[in-house]
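Visitor: I am new to this structure. Please show me how to read its features, one by one.

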Amino acid sequence: MMILFFQILAAAVLCFYFLYQWKHHKAWPILGHLPEVLIHLSHLHDHIVKTLKEDGFTNEFKGPLLTNMNFIQTCDPMNAHHILSKNFSNYHKGPNFREIFEAFGDGIFTTDSEPWKSSRSLLHSLFKGRNFDVFLEKTIHKKLKGSLLPMLDHAQQHGNVMDLQEVFNRFTFDNICSIVLGFDPNCLSIDFPDVACEKAFNEAEEVIFYRHIMPASVWKLQKWLQIGQEKKMTKACETFDQFVDSCIASKREKLRKCNKTKMEEDYGDNDDGLLTILMREEQNDDKFLRDTAFSLFVAGRDTITSSLTWFFWLVATHPLVKAKILEEIKLNFGGKQGNEQMILGVDEVRKLVYLHAALYESLRLFPPIPFERKQAIKSDVLPSGHYVKQDTMILLSLYAMGRLEDTWGEDCLEYKPERWISDRGGIVYVPSYKFLSFNAGPRTCLGKDMSFIQLKMVATAILWNYDIKVTEGHPVSPSLSIVLAMKHGLKVIVTKNNNK
């Protein structure tokens, strides 16, 4: 009888525990919210939007017992403003972030406090000024004329179906290599060659996402044993580091031979890239150069690829938007180059307001980085009323923030560039804590202007010269990654435009 009593008591306790967890956290005993994530994995981003709206824009995620995977997730703009601006000093990347993103090294994306300030100040000095704009324009023009447009020509002549996302992936990798390293690996060519450094970079990012969804004890054990995903990470980092190290060694040798003393003015005259400028400062050792290069690769490659892919899908499926973009280009530059392929410059693309609005609207719906991750240094209370314990991780869902009726109206799920254009024909100002695609507060993206220059130059060159149609029945959904790519790529058919 005693055994039966304790069995009934244990069952009652478990039942009570289950009901309590489900009522207060909608979580499973022991497993937490993990089963719910697995059930909705195929459409996880939209499921997070749904749950956050149901829970008043902020909720707590309970991970499996003893895994330390608990965190707060929010899409509340006031919480974002509090974390990223008003109480910025209390929220940092933290040691857990640096462990997961160890491939980034000690670059601007992983560091806090003084090391972060120092990196930011240095990069800001590189990006500002007219000379960098000239260098950027020259680099993008060269890649557009030499690789991207010839590839699209080849596709339209042969009637090939192409994966536009893969094209952009290769284009941006070549482009960022040229900008940072002064070296073009020529990933973007008609035969789509395997380039070891580009493949390694992709694999490293895949493992970083894997680390987000696995208990730290599991992936750390795999790392120690050098098995599974962690073995792939080790090999990927070795390949990428060898590539960057060879570029550094080559540049150092070139500097020794040339013994040049010029700084930023070199931009307009050669193709050495940012690495050469950084190397002229003696305190910048090889590790600093490698870590800075990796950070710039992430900022200047993946985000641009994601932005272009979603933008061209939206424009291809919204013909009225496309017509307005083409009309704006024609109005401003219709007779610019006669029978040549039109490629606009930095100052020219800045005049295209409707295109700017169309890109903003694309970034609102499909932000390249769908989550921003922070960790609390001290206990705090969010504007939403949620208590934040010391060391608690917080995930800001940028994807969900772009789908809030309170911010964007009842038509928030529609692709509508007009929402960004004022009555006077300019761009409507929206506070950065409501539109987080370029972050907010002290960590606002340094490369925002550079990104928009690239996006506009590529968008105008393609839209003016070619017609892009998504293949019938092609499935479109976000991938599960640290960057919001398309899960199945973007399969399109390219035909020639006649806008002369």
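Guide: Start with pairing: two strands pair if DSSP finds at least two bridges between them. Helices (H or I, at least four residues) and strands (E, at least two) are DSSP runs, numbered from the N terminus. This is a predicted model, where local features need pLDDT of at least 70 and side-chain atom pairs count only at pLDDT 80 or more, while totals for chains, interfaces and linings use all residues. Residues are numbered from 1 along each chain as its sequence is written, and side-chain values use heavy atoms, with hydrogens and water left out.

Visitor: In strand 8, which residue is the bridge partner of F371?

Guide: In general, strands of a sheet pair through backbone hydrogen bonds, either parallel or antiparallel. Here, F371 has S397 as its bridge partner in strand 8. Strand 5 (residues 371-376) and strand 8 (residues 393-397) run antiparallel, joined by five bridges.

Visitor: What is the order of the strands in the open sheet of five strands?

Guide: The order is 1-2-8-5-3, and the pairing is mixed. Strand 1 (58-61) and strand 3 (91-92) stand at the edges; each has a single partner strand, so one side of each is left without a neighbour in the sheet. Four bridges link strand 1 to strand 2, and these run antiparallel. N59 stands opposite Q73 in that pairing. Strand 2 also pairs with strand 8, in the parallel sense, over four bridges. There, Q73 stands opposite L395.

Visitor: Which residues of strand 2 are buried on its two faces?

Guide: Buried means under 20% relative accessible area, exposed over 50%, and partly exposed in between (1.4 Å probe, protein chains only). In strand 2 (residues 71-74), F71 and Q73 are buried on one side, and I72 and T74 on the other. Both faces are covered.

Visitor: Is K374 buried or exposed?

Guide: K374 is buried, because its relative accessible area is 2%. This residue belongs to strand 5. K374 and N96 are 278 residues apart along the chain, yet their C-alpha atoms are separated by 10.0 Å.

Visitor: Where is V428 found?

Guide: Look in the loop between helix 18 (405-408) and helix 19 (448-465). V428 has 28% relative accessibility, so it counts as partly exposed. V428 and E418 lie ten residues apart in sequence and 9.6 Å apart in space, C-alpha to C-alpha.

Visitor: What is the strand order in the open sheet of three strands?

Guide: That sheet has the order 4-10-9, with antiparallel pairing. Strand 4 (161-163) and strand 9 (466-470) are at the edges, each with a single partner strand, so one side of each lacks a neighbour in the sheet. The twist averages 45° from one strand to the next. Angles run from 0 to 180 degrees between N-to-C directions, with axes as lines fitted to C-alpha atoms, for helices over the stretch in contact. Three bridges join strand 4 to strand 10 (residues 491-496). D163 stands opposite K491.

Visitor: How many disulfides does a search of the whole structure find?

Guide: A disulfide is a covalent bond between the sulfur atoms of two cysteines. The test used is a pair of cysteine sulfur atoms within 2.5 Å. The search finds zero. For C187, the nearest cysteine sulfur, that of C197, is 5.6 Å away. C187 counts as buried because its relative accessibility is 0%.

Visitor: How many cavities of 30 Å³ or more are there?

Guide: On a 1 Å grid over the protein atoms alone, a cavity is a set of points where a 1.4 Å probe fits but cannot get out; a pocket is an open set with protein on both sides within 12 Å along at least five of seven lines; lining residues have an atom within 4 Å of a point. Grid points are joined across faces, edges and corners, and a volume is the space filled by probe spheres set on the points. The search finds five such cavities.

Visitor: What volume does the second largest pocket have?

Guide: The volume is about 590 Å³. Among its 23 lining residues, the closest to its centre are N169, E206, S479, S481 and A485. Helix 9 gives the largest share of the lining, six residues.
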